[in-house]
Amino acid sequence: MDAVRLIVASRRALAESGDTPEVMAEAWQAHSLAQAIGSRFAVSGPPELRGEALGLTELAGRGCGVLEAPSLDIGALRAAQLTGLGDAREALLCLGSLLGEVGIALVGVACAADDEGTYWQCMEAIDAADESRDRVIEMLRRLAVRDQKSLVERDLA
């Protein structure tokens, strides 16, 4: 399945999640998907994005690491269903939105947390989502620069 469809599915599942364990499981899924997308960009994406994509992969992996991995069948793991990136710009725009929504959802969980462990897990995962989103924004900026260069070169030809 392409990245945008998986991101849309993740956004829907996050919006429909109710209690703390569901929200945290969906946050983990989102970080895992961001890690897979970053990895795919690092290997086969536009060359201008590869460095930032590696950073995205690392940061999203940190987000997975601070959250407890949900027990899922391999078929339920959205990151494992990633077959392609599709349109890079659209995938990055959607991923940035997902990461922002993850941060907001985790703020809600952190504010309602009864124990310090859950609170700090959420805070670390929020930080990872925020930093991952920063990488996505930088990747979008680099795409825009590349596209602008292409237009200028085409106009000069």
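1. In this predicted model, helices α2 and α4 pack with their axes 10 Å apart and at an angle of about 150 degrees. Since angles over 145 degrees count as roughly antiparallel, the two helices are therefore roughly antiparallel to each other, and the crossing in which α2 passes α4 is left-handed.

2. The α2 side of this contact consists of T20, V23, M24, A27, A30, H31, L33, A34, I37 and F41, which meet A88, L92, L95, L98, L99, V102, A105, L106 and V109 of α4. Sorted by class, the contact of α2 with α4 comprises 17 nonpolar and 2 polar residues, with no charged residues.

3. Helix α2 (residues 20-44) also packs against helix α3 (residues 50-66), where the axes come within 7 Å and cross at roughly 160 degrees. With that angle over the 145-degree limit, α2 and α3 are therefore roughly antiparallel to each other, and α2 passes α3, too, in a left-handed crossing.

4. From α2, the residues W28, H31, S32, A34, Q35, G38, S39, F41, A42, V43 and S44 meet R50, A53, L54, L56, T57, A60, G61, G63 and C64 of α3. The composition of this contact of α2 with α3 is 10 nonpolar, 9 polar and 1 charged.

5. Which residues have the most contacts inside the largest nonpolar core? They are I37, F41, L92, L95, V102 and L106, within a core of 45 residues. At least two residues of this core are supplied by each of α1 (3-16), α2, α3, α4 (88-112) and α5. In soluble globular proteins, nonpolar side chains tend to be buried together.

6. Setting aside residues up to four places away in sequence, L92 touches F41, L49, V136, M139, L140 and L143.

7. When neighbours within four places in sequence are left aside, S132 is in contact with L56, L59, A60 and L99.

Methods. Residues are numbered from 1 along each chain as its sequence is written. This is a predicted model: local features need pLDDT of at least 70, side-chain atom pairs count only at pLDDT 80 or more; totals for chains, interfaces and linings use all residues. Side-chain values use heavy atoms; hydrogens and water are left out. Axes are lines fitted to C-alpha atoms, for helices over the stretch in contact, and angles run from 0 to 180 degrees between N-to-C directions. Helices (H or I, at least four residues) and strands (E, at least two) are DSSP runs, numbered from the N terminus. Angles under 35 degrees count as roughly parallel, over 145 as roughly antiparallel, 65 to 115 as roughly perpendicular and the rest as oblique. A crossing is left-handed if the near helix is turned anticlockwise from the far one by less than a right angle, and right-handed if clockwise. Contact means heavy atoms within 4.5 Å. Ala, Val, Leu, Ile, Met, Phe, Trp, Tyr, Cys and Pro count as nonpolar, Asp, Glu, Lys and Arg as charged, and the others, Gly among them, as polar. A nonpolar core is a set of buried Ala, Val, Leu, Ile, Met, Phe, Trp, Tyr and Cys residues joined through side-chain atoms within 4.5 Å. Buried means under 20% relative accessible area, exposed over 50%, partly exposed in between (1.4 Å probe, protein chains only).
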